[in-house]
Amino acid sequence: MPRFENLNPEHRRPNAWDVFRWAVVDRLTRRRKVSPPGEPAPWVDPDPEKLLSRDGDARITWIGHASFLVSLPGATVLIDPVFSNSVGAPYPRYAPPGLTPDLLPPIDVLLITHSHYDHLDGPSVQTLPRDVRVICPVGLERWFTRRGFRKVSALDWWNEKRFGDLQITFVPARHWTQRTPFDFNRSRWGGYVLQSGGHAVYHAGDSAWFDGFDAIADRFPQLDAAMIPIGAYSPGWFMERNHMTPEQAGEAFLRVGARTMIPMHYGTFQMTDEPLREPIERLQVWWQTNHPRAAERALSVLAIGETHTVPTNPAKS
């Protein structure tokens, strides 16, 4: 299978020397400053009534990190579920998941954005029924079929899949993939736009800043909500090729043009050098400073376990 690339081939992951410098050299020379994790994101008990409701509203529940339960009219979608106490072995969980497998409503579709362990967690995925519909990036389908999942669809960028009234579009991101020493960029990475019952929501997966946010806005001009990653950016020289700073995430949200921003990818696992709550604190400062530019938009900062109800867009009624 060929290796996948970003839209701009110059957007590459750090090379082997960069990784060695970050992981070893900068630690030994004390140039690398790893902050204490501090307090994780707040946690609340989930609301069972909202989780099970089928009243036609759209709801987004934060499970933690990049994991969400999205309830749309006629479909319940689980995105990048991670219920485990750690990911990739060295990264412990600092806040419990907002939902556990026993609390999940029946899942119609499982979405996976890419192969990294904090988005594709084997033990978590294997708690799900094998007849759940799975949508994953092209190159990952065998990972699921080898584990007994029977309804697997693999998408490349801009591919679509429809289940009844639910339309799912796989959209670009600037990132990379790898799970073993032998599969670097052998599967795609990206985000998803979900459309159903007059609602449209966007989950960005993992992404650094890139021009693709404009293309997503052009194709989906009336997004109700955007789940945007804001963490895993420190040190900048190393992480900027993979992730956005909170300020870049705010700009990406404005580029995408959604009505509500739901920050994610922070407050659960300390995978890079900033404290767990620093990303949301920086984003809130950015939001206050840029409020005139975001005057008709909303920032919804969820606690882990909390559900955001997506209001009806007046432009669509």
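Student: Where is Asn185 found?

Tutor: In this predicted model, Asn185 sits in the loop between strand S10 (166–171) and strand S11 (191–196).

Student: And what is phi of Asn185 near?

Tutor: Phi of Asn185 is near 55 degrees, which is a positive value in a residue other than glycine. Most residues other than glycine have a negative phi.

Student: Is Asn185 buried or exposed?

Tutor: Asn185 is buried, since its relative accessible area is 8% and the cut-off for that class is under 20%.

Student: What about Ala232, where does that lie?

Tutor: Ala232 belongs to the loop between S13 and H6, and its phi, near 70 degrees, is likewise positive in a residue other than glycine. With a relative accessibility of 9%, Ala232 counts as buried. Pro235 lies in that loop, between strand S13 (225–229) and helix H6 (236–239), and the peptide bond leading from Ser234 to Pro235 is cis, with omega near 0 degrees.

Student: Switching to helices, at what angle do H7 and H8 pack?

Tutor: Helix H7 (residues 246–256) and helix H8 (residues 278–289) pack at about 55 degrees, with their axes 8 Å apart, and that angle makes H7 oblique to H8. The crossing of H7 past H8 is right-handed.

Student: Which residues make the contact?

Tutor: On H7 they include Phe253 and Leu254, and on H8 they include Leu283, Trp286 and Trp287. The residues of this contact divide into seven nonpolar, one polar and three charged.

Student: How many residues has the largest nonpolar core?

Tutor: The largest nonpolar core has 61 residues, and Leu111 and Ile168 are among those with the most contacts inside it. H7 gives the most to this core, with five residues.

How values were computed:
Residues are numbered from 1 along each chain as its sequence is written. This is a predicted model: local features need pLDDT of at least 70, side-chain atom pairs count only at pLDDT 80 or more; totals for chains, interfaces and linings use all residues. Side-chain values use heavy atoms; hydrogens and water are left out. Axes are lines fitted to C-alpha atoms, for helices over the stretch in contact, and angles run from 0 to 180 degrees between N-to-C directions. Helices (H or I, at least four residues) and strands (E, at least two) are DSSP runs, numbered from the N terminus. Angles under 35 degrees count as roughly parallel, over 145 as roughly antiparallel, 65 to 115 as roughly perpendicular and the rest as oblique. A crossing is left-handed if the near helix is turned anticlockwise from the far one by less than a right angle, and right-handed if clockwise. Contact means heavy atoms within 4.5 Å. Ala, Val, Leu, Ile, Met, Phe, Trp, Tyr, Cys and Pro count as nonpolar, Asp, Glu, Lys and Arg as charged, and the others, Gly among them, as polar. A nonpolar core is a set of buried Ala, Val, Leu, Ile, Met, Phe, Trp, Tyr and Cys residues joined through side-chain atoms within 4.5 Å. Buried means under 20% relative accessible area, exposed over 50%, partly exposed in between (1.4 Å probe, protein chains only).
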